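Here is a briefing on one protein chain. Please look at the sequence and the structure first, then read the notes below, grouped by topic.

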Amino acid sequence: TVGEGSSLADVDDEDAIIVASKPIPKGDVLFRIPRSLFLGADQAWSSELGITLVNLLNTPLPKKAGSKAGSLSMSSLSASEKLGAEILLSIPSLLLSVFVLMQLSKGDKSKFHPYLQALPNKFHVPLFYTPEELKALDSSHLFIQALKRARNHYKQYVHLYDFVERVRVLPVDDFSLDAFDWAVGVVMTRQNMVPSEMKSAGCDDHSHAGHSHADHSHDHGHGHGH
């Protein structure tokens, strides 16, 4: 809900902004977003994916989690699958990225379908720069950082693919590298700090009108809130 004195305005086919139609006093509410519209860490931890990860650690389920997960254990996973699980447990932003793809794979059966369909197809961030664009950073300290982040990103994808294929939380055909790049771009560019309503191992919450995540560095290069 947009507050009094503000309105939504389209920037282009993919983006919109909130515009003030009059001076807004300090402390006035600009807009309200109900938690039911958050696509965030709470939802990810309560999903089949989150519960599977919690069960792998033999830790208590999040308070609001009600569904049942499989009987996997860390010892039953291959080395790569185990690394995939550890990545999701240590980098909640990647947990959320996978959860975004889970929602996308549901199509219009997901309540987030209209929102996901309205998101940009590409994101202009260093992680996804072309070789030509990276050359522009050659004289900057960002050049090496961008290369390291890209290397880690693709290594993580390999382990996450193996884990997703094992636990079957979404069809592996929907977990292509292009799809993973897109989901990570969504989370990287649409994150805001929002207090979590549940507590579980490493489960902090950040949101952005439908996306929420906490990001631990793990040398992945995601920021902490926009």
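**Briefing**

R168 sits in the loop between α7 and α8. Helices (H or I, at least four residues) and strands (E, at least two) are DSSP runs, numbered from the N terminus. The model is predicted: local features need pLDDT of at least 70, side-chain atom pairs count only at pLDDT 80 or more, and totals for chains, interfaces and linings use all residues. Residues are numbered from 1 along each chain as its sequence is written, and side-chain values use heavy atoms, with hydrogens and water left out.

- R168 has phi near 60°, a positive value in a residue other than glycine.
- R168 counts as exposed, at 53% relative accessibility.
- The cut-offs for that label are these: buried means under 20% relative accessible area, exposed over 50%, and partly exposed in between (1.4 Å probe, protein chains only).

**Overall make-up**

- The chain holds 8 helices and 2 strands.
- Their pattern along the sequence is β-β-α-α-α-α-α-α-α-α.
- The chain has 226 residues, and 43% of them count as buried.
- Accessible areas come from the Shrake-Rupley method with a 1.4 Å probe; for residues, only the protein chains shown count as cover.
- Take the contacts between residues at least 6 apart in sequence: 63% of them join residues at least 24 apart.
- Contact here means heavy atoms within 4.5 Å.

**Helix pair α7 and α8**

- Two packed helices are described by the angle between their axes and the distance between the axes.
- For α7 (residues 142-167) and α8 (residues 177-189), the axes come within 11 Å and cross at roughly 115°.
- Axes are lines fitted to C-alpha atoms, for helices over the stretch in contact, and angles run from 0 to 180 degrees between N-to-C directions.
- The crossing of α7 and α8 is right-handed.
- A crossing is right-handed if the near helix is turned clockwise from the far one by less than a right angle, and left-handed if anticlockwise.
- On the α7 side, the contact residues are H153, Y154, Y157 and L160.
- On the α8 side, they meet L177, F180, D181 and V184.

**Helix α2**

- Helix α2 (residues 48-57) is largely enclosed by the rest of the structure, because 7 of its 10 residues are buried.
- Those buried residues are L49, G50, I51, T52, L53, V54 and L56.
- They pack against α1, α3, α4 and α7.

**Salt bridge**

- The chain has 1 salt bridge, defined as a side-chain nitrogen of Lys or Arg within 4 Å of a carboxyl oxygen of Asp or Glu.
- E81 and R166 form this pair through their side chains, at 2.9 Å from N to O.
- E81 lies in helix α3 (residues 79-90) and R166 in helix α7, so the bridge ties together parts that are 85 residues apart in sequence.
- E81 counts as buried, at 12% relative accessibility.
- R166 is partly exposed, with a relative accessible area of 33%.

**Nonpolar surface patch**

- L8, I18, L30, F31, I33 and L37 make a nonpolar surface patch of about 530 Å².
- Patches are made of residues with over 30% relative accessible area and no salt bridge: like charges are joined within 9 Å, nonpolar side chains (Val, Leu, Ile, Met, Phe, Trp, Tyr) within 5 Å.
- L8 lies in strand β1 (residues 6-10) and is exposed, with a relative accessible area of 61%.
- I33 is in the loop between β2 (16-20) and α1 (41-46).
- At 31% relative accessibility, I33 counts as partly exposed.

**Other C-alpha pairs**

- S93, in helix α4 (residues 92-105), counts as buried at 0% relative accessibility.
- S93 and Q191 are 98 residues apart in sequence, with 9.2 Å from C-alpha to C-alpha.
- P120 is in the loop between α5 (113-117) and α6 (131-135), and counts as buried at 6% relative accessibility.
- P120 and G185 are 65 residues apart in sequence and 9.5 Å apart in space, C-alpha to C-alpha.
- L147, in helix α7, is partly exposed, with a relative accessible area of 38%.
- L147 and L134 are 13 residues apart in sequence, and their C-alpha atoms are 8.6 Å apart.
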